[in-house]
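Take a moment with the model shown here.

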Amino acid sequence: MELSTEDQLRLNVLLAHEVEAILASDGVLTTDLALGLCGTFDIPSAEWAVVEDVESARVAARLVGYPVALKVSSATLTHKTEIGGVRLQLGTAAAGLIRAR
């Protein structure tokens with residue numbers, strides 16, 4: 001598929017922002033950076049959101065739809081499952097998100 005000049009320019013701007021974010025992260029791709037890069041290249045992924053507190057997680061989960069997964073986002077913690085930083089199949093706000101705290 002041939003891109004128009006305008007689409008190519010937009011793609012170049014998106015790629016520049018993604019590359020800047022990757023370089024600023026000391027070469028470590030956090031989940032949000034990796035999924036953002038996938039989106040730049042139209043690689044499909046599940047719905048996702050970055051949240052900073054339980055209430056934001058509840059709102060995002062309602063928008064995405066249950067069940068959800070929670071994962072710690074950190075450039076310094078590379079083995080998240082080993083420290084309990086991943087929770088899967090959280091079915092409701094009350095049972096899942098509060099328990100995952």
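Twelve residues line the second largest pocket, and Leu3, Leu11, Leu14, Thr40 and Asp42 lie nearest its centre. Helix 1 (5–24) and helix 2 are the elements that give two or more residues to this lining. Helix 1 supplies the largest share, five residues. The volume of the second largest pocket is about 240 Å³. By class, its lining holds five nonpolar, three polar and four charged residues. Here Ala, Val, Leu, Ile, Met, Phe, Trp, Tyr, Cys and Pro count as nonpolar, Asp, Glu, Lys and Arg as charged, and the others, Gly among them, as polar.

A word on terms. A pocket is an open set of points on a 1 Å grid over the protein atoms alone, where a 1.4 Å probe fits and protein lies on both sides within 12 Å along at least five of seven lines; lining residues have an atom within 4 Å of a point. Grid points are joined across faces, edges and corners, and the volume is the space filled by probe spheres set on the points. The model is predicted: local features need pLDDT of at least 70, side-chain atom pairs count only at pLDDT 80 or more, and totals for chains, interfaces and linings use all residues. Residues are numbered from 1 along each chain as its sequence is written, and side-chain values use heavy atoms, with hydrogens and water left out.

Now turn to the largest pocket. Its volume is about 980 Å³. Of its 31 lining residues, Ala49, Val51, Ala69, Leu70 and Lys71 are the closest to the centre. Several elements each supply at least two residues of this lining: helix 2 (31–40), helix 3 (54–64), strand 1 (68–71), strand 2 (86–90) and helix 4 (93–100). Helix 3 gives the largest share, five residues. The lining has 20 nonpolar, four polar and seven charged residues.

Step back to the whole chain. It has four helices and two strands. From the N terminus on, they run α-α-α-β-β-α. Helices (H or I, at least four residues) and strands (E, at least two) are DSSP runs, numbered from the N terminus. Buried residues make up 20% of the 101 residues. Buried means under 20% relative accessible area, exposed over 50%, and partly exposed in between (1.4 Å probe, protein chains only).

Which side chains meet in a salt bridge? They are those of Arg58 and Glu55, at 3.3 Å from N to O. The rule asks for a side-chain nitrogen of Lys or Arg within 4 Å of a carboxyl oxygen of Asp or Glu. By this rule the count is one salt bridge. Arg58 and Glu55 are separated by about one helical turn, because they are three residues apart in helix 3. Arg58 is buried, at 18% relative accessible area. Glu55 is partly exposed, at 43%.

Val64 also lies in helix 3. At 37% relative accessibility, Val64 is partly exposed. Together, Val59, Leu63 and Val64 make a nonpolar surface patch of about 280 Å². Such a patch joins nonpolar side chains (Val, Leu, Ile, Met, Phe, Trp, Tyr) within 5 Å, from residues with over 30% relative accessible area and no salt bridge. Accessible areas come from the Shrake-Rupley method with a 1.4 Å probe; for residues, only the protein chains shown count as cover.

Two backbone details remain. Pro67 sits in the loop between helix 3 and strand 1. The peptide bond from Tyr66 to Pro67 is cis, with omega near -5°. Gln89 lies in strand 2. Gln89 is not a glycine, yet it has a positive phi of about 55°. At 63% relative accessibility, Gln89 is exposed.

Note on methods
Patch = residues over 30% accessible without salt bridge, like charges linked within 9 Å, V, L, I, M, F, W, Y side chains within 5 Å.
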